[in-house]
Amino acid sequence: MTIASSSLSKVVITVSMIMLILVSSFNLNVGMSVDRTITLPWTVHVTMNNKLNGLRLGLHCKDKNHDLGVQIVPVGQSWTFLFHTTDFSNSLYFCRFGWLNGGIHAFDIYVDKRDAHLCQQCTWDISEKGPCRVSGKGAPVCYPWNN
């Protein structure tokens, strides 16, 4: 085997691997029981609407790797964050909420097992009684604050 044919073989193998990766990335159909059938990442938008009675909403959301910081949401306004996920993700974003004379409340605002098949644009109304998901399948649905 000559040096030229050895180099050509490496090029052919490299190009073949790249083609295989590209084809499998764009045509992979897993057929899971949820609406999405591809494993490429997609974007989830989580919006929280301040539905408190005349009070600003303070919130602080994070997951195990990302701290989204403290946000102050005026009455009647909203705050949105987004992240990327796949069918094989196990995303969990948890938040603490507070307002004047209301104490501090906690809620898991996005739980992959609960929300992935329900919404990609997950919109929540935050009130004194608790969070209510107002978008996606089965909405509206309200939850109690976490203990």
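Reader: Which residues does phenylalanine 97 touch, not counting residues up to four places away in sequence?

Author: Phenylalanine 97 touches Met48, Leu57, Gly58, Leu59, Gly103, Ile104, His105, Phe107, Ile109, Ile126 and Trp145, with residues up to four places away in sequence not counted. These are called contacts because heavy atoms lie within 4.5 Å. The model is predicted: local features need pLDDT of at least 70, side-chain atom pairs count only at pLDDT 80 or more, and totals for chains, interfaces and linings use all residues. Residues are numbered from 1 along each chain as its sequence is written, and side-chain values use heavy atoms, with hydrogens and water left out.

Reader: Why is serine 127 called buried?

Author: Serine 127 has 18%, which is under the limit of 20%, so serine 127 is buried. Its place is in strand β7. Leaving aside neighbours within four places in sequence, serine 127 is in contact with Lys51, Leu52, Trp99 and Trp145. In the protein, buried residues make up 36% of the 147 residues.

Reader: What makes a set of residues a nonpolar core?

Author: The members must be buried Ala, Val, Leu, Ile, Met, Phe, Trp, Tyr or Cys residues, joined through side-chain atoms within 4.5 Å. The largest such core here has 25 residues, of which Val46, Met48, Phe97, Ile109 and Tyr110 touch the most other members. At least two residues of this core come from each of β1, β2 (57–62), β4, β5 (92–99), β6 (103–111) and β7. In soluble globular proteins, nonpolar side chains tend to be buried together.

Reader: How many helices and strands are there in the protein?

Author: The protein has two helices and nine strands. Both are DSSP runs, numbered from the N terminus: a helix is H or I over at least four residues, a strand is E over at least two. From the N terminus on, the order of elements is α-β-β-β-β-β-β-α-β-β-β.

Reader: How do you know that β8 and β9 pair?

Author: Two strands pair if DSSP finds at least two bridges between them. β8 and β9 have two bridges, so they meet the limit and count as paired, in the antiparallel sense. Cysteine 132 has cysteine 142 in β9 as its bridge partner. β7 and strand β8 (residues 130–133) are antiparallel over four bridges, and a hairpin of two residues joins them. Strand β1 (residues 42–50) and strand β7 (residues 121–127), by contrast, are parallel over six bridges.

Reader: Why is one side of β4 and of β9 left without a neighbour in the sheet?

Author: Five strands form an open sheet in the order β4-β1-β7-β8-β9, with mixed pairing. β4 (78–85) and β9 (141–142) stand at its edges with a single partner strand each, so one side of each has no neighbour in the sheet. Another open sheet, of four strands, has the order β3-β2-β5-β6 and antiparallel pairing. Its edge strands, β3 (67–73) and β6, each pair on one side only. Eight bridges join β5 to β6.

Reader: Where does pLDDT stay under 50?

Author: It stays under 50 over residues 11–39. pLDDT is the predictor's confidence in each residue, from 0 to 100. The mean for the protein is 81, and 73% of its residues reach 70 or more. Where pLDDT is low, the predicted coordinates should not be read in detail.

How values were computed: Buried means under 20% relative accessible area, exposed over 50%, partly exposed in between (1.4 Å probe, protein chains only).
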